[in-house]
There are 2 protein chains.
Amino acid sequence: MHQNDFDALCIGNAIVDIMARTEDDFLTDHNLVKGTMHLIDAERAETLYTAMGPAIEASGGSAGNTAAGIASLGGRAAFMGKVADDTLGGFYRHDMTSAGIVFDTAALENGAPTARSMILISPDGERTMNTYLGACRELGPDDIDADTVSAARVTYMEGYLWDPPAAKAAFRQAAKYAHAAGRHVSITLSDPFCVDRFRAEFLDLLRTGTVDILFANDSELKSLYETGSLDAAVDAVRHDCPLTAVTVGADGAIVVENGKVAKVPAVEIADIRDLTGAGDLFAAGFLFGLARSWSATDAARLGALAAAEVIGHVGPRPATSLKDLATQAGFDV
Amino acid sequence: MHQNDFDALCIGNAIVDIMARTEDDFLTDHNLVKGTMHLIDAERAETLYTAMGPAIEASGGSAGNTAAGIASLGGRAAFMGKVADDTLGGFYRHDMTSAGIVFDTAALENGAPTARSMILISPDGERTMNTYLGACRELGPDDIDADTVSAARVTYMEGYLWDPPAAKAAFRQAAKYAHAAGRHVSITLSDPFCVDRFRAEFLDLLRTGTVDILFANDSELKSLYETGSLDAAVDAVRHDCPLTAVTVGADGAIVVENGKVAKVPAVEIADIRDLTGAGDLFAAGFLFGLARSWSATDAARLGALAAAEVIGHVGPRPATSLKDLATQAGFDV
């Protein structure tokens, strides 16, 4: 790896999480589907915020969490995403740069505020997200710096980028730069509803080779192939993508590489507090391992370790050094 | 208790906490005394924030945390404090009102921003606070509503209110209203440096009967009486205040009532994560018990339970229902 290489460039919606514990009745009362992400407008955001309980705030966003995970493992990460020039945008930038992540995307001035997601955490740790995109809607192809993309072993992007229209173009621009530089392109499907909104386009990304590495959880992969059978979905993706990592909650992960399927167990933890960030941190470990030319199953094992850390506490990013944790677990990070 | 009575009215600096883990070297490098609160200006706040690691944000402030603890126990609490009409001020008000706390103090418009404290959490859980007071400097006697004070069994105030000049006058105004209504007045000494700044005035509050119930930790009480001996400090306070609760970390609490001294053990916990809010939550349990006419030692036992909850996780307020926790522990809350 060159001095100036990045293990990964992560591109996604730059979102501040506003997290509160909730009873499941609250979800029902507000027509929310547990475990999914709902896009909301400013008015709905106000209504939900008024109704929800006392909260804590932390920088989040799927790709941002993955970048933080890679940095916590001791890797070199870059991030692109759009915050506003406001208090929350300042927090977001601080939390990225002070973690050692290169984050140079210009802030939006005189526009919508920094995005926020109201995350309702159920007693079983499952989280239900309500996202007001705000400034994220202004991320576009002009925000994609070719040099940074070219310097990254993999450019990792959220399926969520399909929601703000200009961000989709940014995604395609980044993929073009990455492949021109001989680098890899990766996507996470993000959310089963998100897959439902953009199924044909996501399949097209895989089948045209725009994406080389796919992340999904079981619900998302089943949604992609419109099947109730995980086995059928795994079988289908064998033909569509050279490398896929599927997280399956307590059952660990399934790695599908060049048509071959392998399983990696989850890392058991005593008490699941908050599932926010589980998939994002799995991706962090997996991408970190790949950047060091580990086997995909070893990379998935590191992903499982990183995911276990983040679900043991409230908040979407590591609360302790993943590098220390991985070293203690015998990984050569 | 009348329908509209409050178990307690808490008056204090309305502060959003910005919390990050730190190594102790960082404290030394930035000339910070571990375990204490430093007042900082906007420029110093910027410098420290840039230097500190990724953070999470939560509503805090000593008296605000106590109000949140009383609400979590199922009690009825009111709060007075000054936020600005900005994003953090909105978070603060939400976190109070959605917890069921009555918080009617008008927000400051076109002035300094909402106060924030950068809280650095050491590996052993000790916290070092760096507070930019911002809008808190504008809390004054006009913000003290006589009806609310009169409706509260006790008006509980921070020693920290002596730092913003107008707040001291607000404190005295509130004490006057409370005693006129036959209610109690309570103060926490807040911080050993704070005691050092205002020792003569704090002693005067006790000796003139302006304050009936005193909270302190061992460092603060020793600072008040300028002695290295906790026994000497406890002996001194016997003559100055009818009811004093002194928290002594892992050694629990000492209750000094009408000259008699009793000890209450700490509630043991497996893993101390963050000491922020320990004293505030002890006060919440103690005041809740007093409002229900419990003995001072029973009230201190509830305080110890509430303190144990808050030091088991990062953040200055309860992360679970203290009412449920207290019920499980056999308290009739």
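Guide: In this predicted model, strand 4 of chain A and strand 4 of chain B, residues 56-59, pair in the antiparallel sense over 3 bridges.

Visitor: What makes these two strands count as a pair?

Guide: Two strands pair if at least two bridges are found between them, and here there are 3 bridges, so strand 4 of chain A and strand 4 of chain B are called paired. As one example of a bridge, A:Ile56 has B:Ala58 as its partner in strand 4 of chain B.

Visitor: How many residues does each chain bring to the contact, and which part of chain A gives the most?

Guide: The contact takes 18 residues from chain A and 18 residues from chain B. On the side of chain A that touches chain B, strand 4 and helix 4 (87-97) each supply at least two residues, and helix 4 of chain A gives the most, with 5 residues. By class, that side of chain A has 9 nonpolar, 5 polar and 4 charged residues.

Visitor: How do you know how the two copies are related?

Guide: Chain A can be laid on chain B with an RMSD of 0.0 Å by a turn of 180 degrees, with a shift of 0.0 Å along the axis. The two copies are therefore related as by a two-fold rotation axis. In chain A, the C-alpha nearest this axis belongs to A:Glu57, 2.4 Å from it, and the same surface serves both copies, since 100% of the contact residues of chain A recur in chain B.

Visitor: Which residues of helix 9 of chain A are buried, and what puts them on the same side?

Guide: The buried residues of helix 9 of chain A, residues 230-240, are A:Ala233, A:Val234 and A:Val237. They cover an arc of only 100 degrees around the axis, which puts them on the same side of the helix. These buried residues pack against strand 11 (213-217), helix 8 (218-224), strand 12 (243-247), strand 13 (253-257) and strand 14 (260-264) of chain A, whereas the face turned away from the buried side carries the exposed residues A:Asp231 and A:His239.

Visitor: Why is A:Glu226 called exposed?

Guide: A residue is exposed if 12 or fewer other C-beta atoms lie within 10 Å of its own; A:Glu226 has 12, and therefore it is exposed. A:Glu226 lies in the loop between helix 8 and helix 9 of chain A, and its phi is near 50 degrees, a positive value in a residue other than glycine.

Definitions and conventions. Residues numbered from 1 in each chain as written. Chains lettered and ligands numbered in written order. Predicted model: local features only at pLDDT ≥ 70, side-chain atom pairs only at ≥ 80, totals over all residues. Buried ≥ 20, exposed ≤ 12 C-beta atoms within 10 Å, placed from the backbone. Helix = DSSP H or I, 4+ residues; strand = E, 2+ residues; numbered from the N terminus. Arc of directions from axis to C-beta. Contact = placed C-beta atoms within 7 Å. Nonpolar A, V, L, I, M, F, W, Y, C, P; charged D, E, K, R; others polar. Least-squares fit on C-alpha atoms with pLDDT ≥ 70 in both.
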